[in-house]
Amino acid sequence: MKKVMKFSIQVIVASFLFVSALSHAELTISITKGVDNPIVIGIVPFNYTGGGPLSENVAAIVSDDLERSGQFGPIAPENMLSYPSLPQDVVFRDWRLLGSEYLVIGDISPTASGYQLVYSLFDVVSQKTILFNQPIVVARDGLRDMAHHVSDKVYEAITGIRGAFSTEIIYVEHQKKARNYRLMRADMDGARPKVLVTSKQPLLSPSWSPDGQSVAYVSFESGRPAIYIQNLATGQREKMTNFKGLNSAPSWSPDGKKLALVLSKDGNPEIYTLDIATKRFTRVTKHFGIDTEPRWTADGKGIIFTSNRGGKPQIYSVVLADGYPQRLTFEGDYNARAQLTPDGKSIIMVHRRNKVFHIATQELATGTVRILTTETDLDESPSIAPNGASLIYATKRNGKGILASVSLDAGSKFALPSTSGDVREPSWSPYF
Amino acid sequence: MLSKTIKTILTISAVTFFLSACSTTSTPDSATGSSTDGSSGTSGSSATTDGSGKNSVNDGVVAPTATVFYFDFDSSVLRTDSRALLDAHAAALKASPRSVRLEGHADERGTREYNIALGERRAQAVRAYLVSRGVTSPIEVVSYGEESPAVDASNEYAWQQNRRVEIK
């Protein structure tokens, strides 16, 4: 499709090192696999008309975002022949010489309460302007938001797919020495982590509400599991279930009005739905096997779940109106924790083959299974980006729990190891 | 399922004690503090040496010091080598009833929510066995899944140590 530029790999590595050196996040990014023929793009360091340096290198964050998507190979700033910040200063020949197919420039100026960026995107090959002098204004602490916004717009303009760089993740961090479990919230690149909950007892199964305002999770703080819903802005929380036995795996319905969850109050693990406003429970499954890990279909009329009713864990689907489960997975002796892709055509799941746990996708129409993660084992907890282009999951590296991401075409991979503990169970936010 | 369990007990109770006497756990000496090996621990408890518990239902019944029962991968079936220890606990609980908490655990492989369910199944299998042996004490079951490993490592030995139910 695109010509492989010989220097592009070096360019990618160089720009990545530059970016990571600037990162102070607790989750640090390392790219474990790039793609063979990325779209070459020049993202010129943005000019700043105010005094002194900015606290963030906005263009470098854009470059990092686009590179992690797996579809772009940004040119390292030190290899650039010119540094235009205004459209009239662009000389297309400088970028054609570097093999750049696209070019992003920008000019940041201070405002009373923050910063304004005016940026443009050019198609170098056809010498056309795609985005012209687009303004974005942010507060003083919003430079990373500014960068992710530009990444979203550039990504969408070139690929036709909505960017998900402004989204966030919630995950669980276990600080073994301090014996702390922390529910954390961070940007999708791991930057700007915030603590939502700290507990001496396990926290697990965070699930982001579809409106992005709340999180449901399981806490053992009372010595037994209970499901909570917590408002992210106020920190206010409500205990939703505290039954004898399991209170597990909460998952929001697409309209945000219900939770699907797992209770064993009637003797063994069954899936229920809970109407959040009326507190009414409806039992979905009735089987003596393990039924767990419910996730809703996009229309809210069905649920897919893990069950070992056939002897081994496999994925089933059930239409809530008729309650009759159908088995979806047949390949592999362990398929669990499935989630539908946003287009509803595939599922992502934990899949065991040859005793190794991978993240895999299965196309529902054909049943074709593709393993996405082959370098790691003990992979679990996949959570898909709202644009369906990539997923984040938990795995282990050197005995430590880390988060990692892979594009759905398995072309690009990156890891997000934590500097302060074992991290796991990522939940990708919706669009805000 | 319960009757099947009891039947199995009857047929194997004779060999159970033999098995417990020559436990095949690979590296028992490296087990960490809270999780001593279940089978070998049984014989260490002098008052409850008999697998059936028959000759120890008296004033001298002492709860076994071993409190952990182990399981196979993705299985909640009680192992034959756990039976002697279970019987000893049953005898002790019958002699001096108390509230019991069974904590179910799983190894790190597979998904967390499935493992929570699996840990509960394991603890329930232990409870069902104790009840079948006549234990009437209140028994609470709590599953931690893979959240609370006994041995924090990713190898066969650690996984085996972590697939367990602890009686508390």
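**Notes on the cores and salt bridges**

1. B:Arg133 is partly exposed, with a relative accessible area of 25% (buried means under 20%, exposed over 50%, partly exposed in between, with a 1.4 Å probe and protein chains only). Its side chain meets that of B:Asp87 in a salt bridge, 3.1 Å from N to O (the term covers a side-chain nitrogen of Lys or Arg within 4 Å of a carboxyl oxygen of Asp or Glu). B:Arg133 sits in the loop between helix H4 (112-132) and strand E3 (139-145) of chain B, and B:Asp87 in helix H3 (residues 83-95) of chain B, so the pair ties together parts 46 residues apart in sequence. Helices (H or I, at least four residues) and strands (E, at least two) are DSSP runs numbered from the N terminus. B:Asp87 counts as buried, at 5% relative accessibility.

2. Before going on, a word on the basis: this is a predicted model, where local features need pLDDT of at least 70 and side-chain atom pairs count only at pLDDT 80 or more, while totals for chains, interfaces and linings use all residues. Residues are numbered from 1 along each chain as its sequence is written, chains are lettered from A and ligands numbered from 1 in the order written, and side-chain values use heavy atoms, leaving out hydrogens and water.

3. Over all chains there are 35 salt bridges. One of them joins the side chains of A:Arg144 and A:Asp189 at 3.0 Å, N to O. A:Arg144 belongs to helix H4 (residues 143-159) of chain A and A:Asp189 to the loop between strands E9 (180-187) and E10 (194-199) of chain A, 45 residues apart. Both partners are buried.

4. A:Arg283 pairs with A:Asp266 in a salt bridge, with the closest N and O atoms 3.5 Å apart. Here both ends are partly exposed: A:Arg283 at 30% relative accessibility and A:Asp266 at 44%.

5. Now the nonpolar cores (sets of buried Ala, Val, Leu, Ile, Met, Phe, Trp, Tyr and Cys residues joined through side-chain atoms within 4.5 Å). The largest has 46 residues, and A:Phe220, A:Ile229, A:Met240, A:Leu259, A:Leu261 and A:Leu391 touch the most other members. Strand E16 (residues 258-263) of chain A gives the most to this core, 5 residues. Apart from it lies another core, of 43 residues, including A:Ile39, A:Leu66, A:Tyr102 and A:Ile169.

6. A:Leu261 deserves a look of its own. Leaving aside neighbours within four places in sequence, its contacts (heavy atoms within 4.5 Å) include A:Ile227, A:Thr241, A:Tyr272, A:Phe281 and A:Pro294.
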